Amino acid sequence: MVKLKVAILGSGNIGTDLMYKIERSEYLTMSVMVGIDPTSDGIQRAKDRGYHTITNGIAGLVACPELFDIVFDATTANAHTAHSEQVLALGKKIVDLTPAAIGPFVVPCANLEKYVAVDNVNMVTCGGQATIPIVYAINQVVDVTYAEIVATVASKSAGPGTRANIDEFTRTTARALEEVGGANKGKAIIILNPAEPPIMMRDTVHVLVNEGGKEEEITKAIEEIVNAVQQYVPGYRMTSAPIFEGQQISVFLEVEGAGDFFPPYSGNLDIMTAAAVQVGNQMAKLQHGTVKSN
């Protein structure tokens, strides 16, 4: 199988971790790292590993379309609009790790089959990737009337891009709780915890459902979706059994990173890159006819 050539747009922490994960992929091959700072750590690491590097951003990338088949955009929501237009004009695919939400939201264990053929997909947010699977699983059993999630991440794991996109994070995650998770109403909160030593990513999911009495079916659905996420994010887990209080359900999660580039406490960053690579893998498999889209 000929692997799809990958360009990573954004040479920061997310882009660098993506590079390491792509190196392990059976379906993708790392080709070019794109940034705007020639001295950035990501650019230097890519050079050291023998990859092509571009340091004048999207302009330099689109001038070399032969270098890539698919772009992972790890920049900012504001920048993604221009990036998307130029990449799609070349007939290439783009996986958006910003909260821009131009393309459809994708959470691999919930709706990847539906959107794997789309040329621009959005990976929601770290909080969305961690919590939407739970809401989605519950909604398969009983209607979720309200879903509220709280994503708590170590302050050290929130770089400039994350901090610049806080407002987009809450809006995008809330929308995706509804559009992917199936909640009638969604709300998202993010907390940057400055504790030392840094804490693991922790997520709390509270949902209200329209009927009670289905605890066993809901618990089974949650356990199955947790297992599905663990196929691409091994450090994803529940910290306790789901808690049922009438028509309210609470689920508590922890995400430990794989330690590729980020320290293990940065599960918020790791779940984004792992989910994005999972999408890229499926796009490559679709192109080679080994999977089908719905």
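**Burial, charge pairs and backbone geometry**

Reader: Does the 13% relative accessibility of Ala101 make this residue buried or exposed?
Author: Buried is used for under 20% relative accessible area, exposed for over 50% and partly exposed for values in between, with a 1.4 Å probe and protein chains only. Ala101 has a relative accessibility of 13% and therefore counts as buried.

Reader: Which pLDDT do side-chain atom pairs need in order to count in this model?
Author: Residues are numbered from 1 along each chain as its sequence is written, and side-chain values use heavy atoms, with hydrogens and water left out. This is a predicted model, in which totals for chains, interfaces and linings use all residues, local features need pLDDT of at least 70, and side-chain atom pairs count only at pLDDT 80 or more.

Reader: Which is the peptide bond from Glu196 to Pro197, cis or trans?
Author: Most peptide bonds are trans. Pro197 belongs to the loop between strand 8 and strand 9. The bond from Glu196 to Pro197 has omega near -5 degrees and is cis.

Reader: How many helices and strands does the protein chain have, and what is its radius of gyration?
Author: Helices (H or I, at least four residues) and strands (E, at least two) are DSSP runs numbered from the N terminus, and the protein chain has 10 helices and 12 strands. For its 294 residues the globule rule gives 19 Å, so the chain is as compact as a globular protein of that length. That rule is 2.2 Å times the number of residues to the power 0.38, and the radius is taken over C-alpha atoms. The radius of gyration of the chain is 19 Å.

Reader: What percentage of contacts between residues at least 6 apart joins residues at least 24 apart?
Author: Contact means heavy atoms within 4.5 Å. Of the 294 residues, 55% count as buried. Among contacts between residues at least 6 apart in sequence, the share that joins residues at least 24 apart is 68%.

Reader: Which residues of helix 1 are buried?
Author: Helix 1 (residues 13–23) is mostly covered, with nine of its 11 residues buried. Their cover includes strand 1 (4–9), strand 2 (28–34), helix 2 (41–48), strand 4 (70–73) and helix 10 (267–287). The buried residues are Ile14, Gly15, Thr16, Asp17, Leu18, Met19, Tyr20, Lys21 and Ile22.

Reader: Which side chain of opposite charge is nearest to Asp203?
Author: Asp203 is placed in strand 9 (residues 201–209). Beyond its neighbours within four places in sequence, Asp203 is in contact with residues including Gly127, Thr131, Val150 and Phe252. A salt bridge is a side-chain nitrogen of Lys or Arg within 4 Å of a carboxyl oxygen of Asp or Glu. Asp203 is buried and has none; at a distance of 9.0 Å, the nearest side chain of opposite charge is Arg202.

Reader: How many residues separate Asp260 and Arg24?
Author: The side chains of Asp260 and Arg24 meet in a salt bridge at 2.7 Å, N to O. Asp260 lies in the loop between strand 12 (248–255) and helix 10, and Arg24 in the loop between helix 1 and strand 2, so that the pair links distant parts of the chain. Asp260 is partly exposed at 24% relative accessibility, whereas Arg24 is exposed at 54%.

Reader: Which residues form a network of salt bridges?
Author: A search of the whole structure finds 13 salt bridges. The linked network consists of Asp17, Lys21, Arg24, Asp260 and Asp270.

Reader: What is the N to O distance between Lys156 and Glu196?
Author: Lys156 and Glu196 are both exposed. Their side chains meet in a salt bridge, and the N to O distance is 3.2 Å.

Reader: About how many helical turns separate Asp41 and Arg45?
Author: The side chains of Asp41 and Arg45 meet in a salt bridge (2.7 Å, N to O). Asp41 is partly exposed at 41% relative accessibility, and Arg45 is partly exposed at 31%. Because the two are four residues apart in helix 2, their separation is about one helical turn.

Technical notes: Lys, Arg positive; Asp, Glu negative; His and termini not counted.
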